[in-house]
Amino acid sequence: MQPVFIYTEASPNPNSMKFVLNFELVPQGLSFDYPDIESAQAEGKASPLAGDLFQFPFVQRVFLASNFVTLTKDDATDWGDVILDTKQFLKIYFEENHPVFEQKTVDKNTAILDTDSPTIRQIKTILDDYVRPAVESDGGAISFHSFEEETGTVKVLLQGSCSGCPSSTLTLKAGIQNLLTQMVPDVKEVVAEGV
């Protein structure tokens, strides 16, 4: 059995904490955002890990990507009061080899699809190669939602600690939009979907 190491990193969102593991949880280019227990049980997105984390009364949101779990807590709870118990729970969960996802979730989700147009493939590649690593370092993620060819508008989903973070709008416009408009001539604007 592989030893489980976990460390924490604060994120720009003071209610979110990133729990980093020494192994991959989620396949490259994918991320999963669970705003409530129901979403953690939804067909094609189900995660036993996220479901179990919602058993902690302070947990408001669970986000899984790469090699980390980002938890968003309620305003009343102090991280200092719950961080050790949460790390211990995660350590035991993985040492006992419990599943992160249901198999249907793994089978259903892929990053780049055969049906994607060349422009959409280029947008997804840029998001994965240039944007995702920076956003993940803050405990969040960004994923492609849609591209409207007529207007040149790319819609993205901000997840994890990015969801509700005060600096996410600045990151979106000053960073991501500038990068995509320079690298993909068809892109004119980037907007966040469902924020």
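**The sheet and its core**

Tutor: In this predicted model, 5 strands form an open sheet whose order is S1-S2-S5-S4-S3, with antiparallel pairing. Strand S1 (6–10) and strand S3 (31–34) stand at the edges, and because each has a single partner strand, one side of each is left without a neighbour in the sheet. From one strand to the next, the twist averages 20°. Within the sheet, strand S4 (residues 59–65) and strand S5 (residues 68–73) run antiparallel and are joined by 6 bridges, and Val62 has Leu71 in S5 as its bridge partner. Helix H3 (residues 79–95) lies across S1, strand S2 (16–21) and S5, and runs at about 30° to S2.

Turning to the packing, the largest nonpolar core has 31 residues, and those with the most contacts inside it are Phe19, Tyr34, Leu49, Val62, Leu64, Val69 and Phe94. At least two residues of this core are supplied by each of S2, S3, helix H2 (48–53), S4, S5 and H3, while the largest share, 6 residues, comes from H3. In soluble globular proteins, nonpolar side chains tend to be buried together. Taking Leu64 as one of the residues with the most contacts inside the core, and leaving aside residues up to four places away in sequence, Leu64 touches Val26, Ser31, Phe32, Tyr34, Ser47, Leu49, Val69, Val100 and Phe101. There is also a second, separate core of 16 residues, which includes Ile120, Ile126, Phe147 and Val184.

Conventions:
Residues numbered from 1 in each chain as written. Predicted model: local features only at pLDDT ≥ 70, side-chain atom pairs only at ≥ 80, totals over all residues. Heavy atoms only, no water. Pairing = 2+ DSSP bridges. Helix = DSSP H or I, 4+ residues; strand = E, 2+ residues; numbered from the N terminus. Axes fitted to C-alpha atoms, helices over the stretch in contact; angles between N-to-C directions. Contact = heavy atoms within 4.5 Å. Core = buried A, V, L, I, M, F, W, Y, C linked by side-chain atoms within 4.5 Å. Buried < 20%, exposed > 50% of the residue type's maximum accessible area, 1.4 Å probe, protein only.
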